[in-house]
Amino acid sequence: MPALILFSDTERSPAMRHEVPLAIGDPFLFVEQDGRTAILTSSLDRDRIAAVHPDAELLDFLAFGFRELAQERPRAEAQQIVIARVLNHLGVRDAVVPWDFPVALADALRADGVTVTVDEALFAARRRVKAGAELDGIRAAQAAADAAMAVASDLLRGASPDRAGWLTRPDGERLLAERVRDVLRRACAEHGATCPADMIVASVHNGYGHDPGSGPLPAGLPIEVDLFPRHEATGCWADMTRTFVVGTPTTEHAALIAEQERLVRAALEQTRAAVRPGVTGLELHGAACALFEQAGYATQRTAPSGEREGFQFALGHGVGLEVHEPPGVGLSGREPFIAGDVIAVEPGLWDERIGGVRFEDLLLVTSDGCETLTRFPYELTPS
């Protein structure tokens with residue numbers, strides 16, 4: 001039976017964070033073979049790792065000659081030699097690794113006679129079912145997202161249109177996307193979560209696709225707020241989107257905004273009702289596309305390459321120790337859902353005249369359906 005091998009820190013590798021649920025900034029080696037676990041680390045992290053892996057064999061870099069090697073070779077090369085020695089000590093001659101395993105280390109191990117095979121599906125499968133501390137961390141991240149969205153909604157509600165059609169704050173200054181992002185980030189921090197710089201506060205003027213948006217925000221047109229905080233204690237993510245229209249929708253676009261809101265909500269509810277073990281993300285994506293296509297909108301499965309309008313993205317994605325992870329909920333979503341999957345579902349429509357209307361909820365797949373983890377309402381008018 002091949003050994004399962006990881007070499008990374010737990011900040012950059014979700015696979016390692018799943019196996020060793022601690023924040024560790026230095027890379028270390030994790031080996032699982034025939035039901036036994038061995039971990040190569042240093043004295044700096046040994047005690048914390050022992051607390052979460054009391055049955056693991058803990059090995060020290062220095063015990064395998066790292067000190068002497070590091071005095072005469074580059075650090076990375078010294079680590080490679082030590083790891084080869086450790087695998088020889090453990091009797092590992094056949095190993096499976098994730099797709100992001102260091103190439104130089106794989107080459108060094110192969111040169112030492114170890115068969116190294118990439119099997120990303122194996123590592124993804126180990127992380128599919130969310131339970132225990134990971135599920136608690138996702139719930140905590142989502143609670144931070146809900147709280148932050150409420151703060152953003154309050155900020156938008158307090159704004160008013162100026163004569164040029166932009167939103168202004170009570171102090172007379174224009175309300176900028178950057179200001180909304182700032183309050184989102186601070187609100188998440190108050191709930192133990194961090195937020196990346198590319199959180200989306202978007203409008204038709206600035207913010208198509210993954211553009212985070214910038215500058216003043218329009219009155220009477222959709223403003224998409226997509227935030228994805230990471231719970232600091234567990235490293236787990238959440239993801240949610242709401243769309244707001246501040247003030248009276250612009251006369252020429254009011255009917256279009258209302259239609260898109262209705263269709264996007266219908267796609268969300270249709271998807272929520274269909275989620276259960278055995279269903280695939282591809283099936284759900286196809287059903288959402290069909291709903292939009294019947295209303296006359298282009299979708300990812302019908303439009304030519306480069307098309308922006310309509311529904312031109314996946315219906316969603318898995319969420320856990322990565323904000324985008326299996327299972328897929330789009331064209332690549334061929335794996336059937338299993339109980340314990342957490343997925344973000346985010347149907348939306350984009351129109352060059354008004355921008356985007358999108359709603360996104362986080363769902364936990366249960367034995368007979370799903371549980372909605374997102375608690376924030378859907379009304380376009382900030383409450």
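A residue counts as buried when its relative accessible area is under 20%. By that cut-off Arg 242 is buried, because its relative accessible area is 1%. The model described here is predicted.

- Six strands form an open sheet in the order 4-3-2-1-5-6, and their pairing is mixed.
- The edges are taken by strand 4 (57–60) and strand 6 (115–118); each has a single partner strand, so one side of each has no neighbour in the sheet.
- On average, neighbouring strands of this sheet are turned by 25° against each other, with direction ignored.
- Strand 1 (residues 3–8) runs parallel to its partner, strand 5 (residues 94–97), and the two pair over 2 bridges.
- Within this pair, Leu 4 is placed opposite Val 96 of strand 5.
- Helix 4 (residues 75–90) packs on the sheet and touches strand 1, strand 2 (28–33), strand 3 (36–41) and strand 4.
- The direction of helix 4 makes about 20° with that of strand 2.

**Arg 157 in helix 7**

- Arg 157 belongs to helix 7, which covers residues 132–157.
- Its relative accessibility is 44%, so Arg 157 counts as partly exposed.
- Leaving aside residues up to four places away in sequence, Arg 157 touches Pro 382 and Ser 383.
- Arg 157 and Thr 117 are 40 residues apart along the chain, and their C-alpha atoms are separated by 55 Å.

**Cysteines**

- How many disulfides does a search of the whole structure find? The count is 0.
- For Cys 195, the nearest cysteine sulfur is that of Cys 188, 3.3 Å away.
- Cys 195 counts as buried, because its relative accessibility is 13%.
- Cys 236 is in no disulfide either, and the nearest cysteine sulfur, that of Cys 195, is 15 Å away.
- With a relative accessibility of 0%, Cys 236 also counts as buried.

**Salt bridges**

- Side chains of opposite charge can pair when their charged atoms come close.
- The structure has a count of 31 salt bridges.
- One of them joins the side chains of Arg 12 and Asp 9, at 2.6 Å from N to O.
- Another salt bridge links Asp 171 with Arg 169, and their closest N and O atoms are 3.0 Å apart.
- Asp 171 counts as partly exposed at 48% relative accessibility, and Arg 169 counts as partly exposed at 26%.

**Arg 242 and Asp 361**

- The side chains of Arg 242 and Asp 361 meet in a salt bridge, at 2.8 Å from N to O.
- Arg 242 lies in strand 13 (residues 240–244) and Asp 361 in strand 19 (residues 361–365), so this pair ties together parts that are 119 residues apart in sequence.
- Arg 242 is buried with a relative accessible area of 1%, and Asp 361 is buried with 0%.

How values were computed:
Residues numbered from 1 in each chain as written. Predicted model: local features only at pLDDT ≥ 70, side-chain atom pairs only at ≥ 80, totals over all residues. Heavy atoms only, no water. Pairing = 2+ DSSP bridges. Helix = DSSP H or I, 4+ residues; strand = E, 2+ residues; numbered from the N terminus. Axes fitted to C-alpha atoms, helices over the stretch in contact; angles between N-to-C directions. Contact = heavy atoms within 4.5 Å. Buried < 20%, exposed > 50% of the residue type's maximum accessible area, 1.4 Å probe, protein only. Disulfide = S-S within 2.5 Å. Salt bridge = Lys/Arg side-chain N within 4 Å of Asp/Glu carboxyl O.
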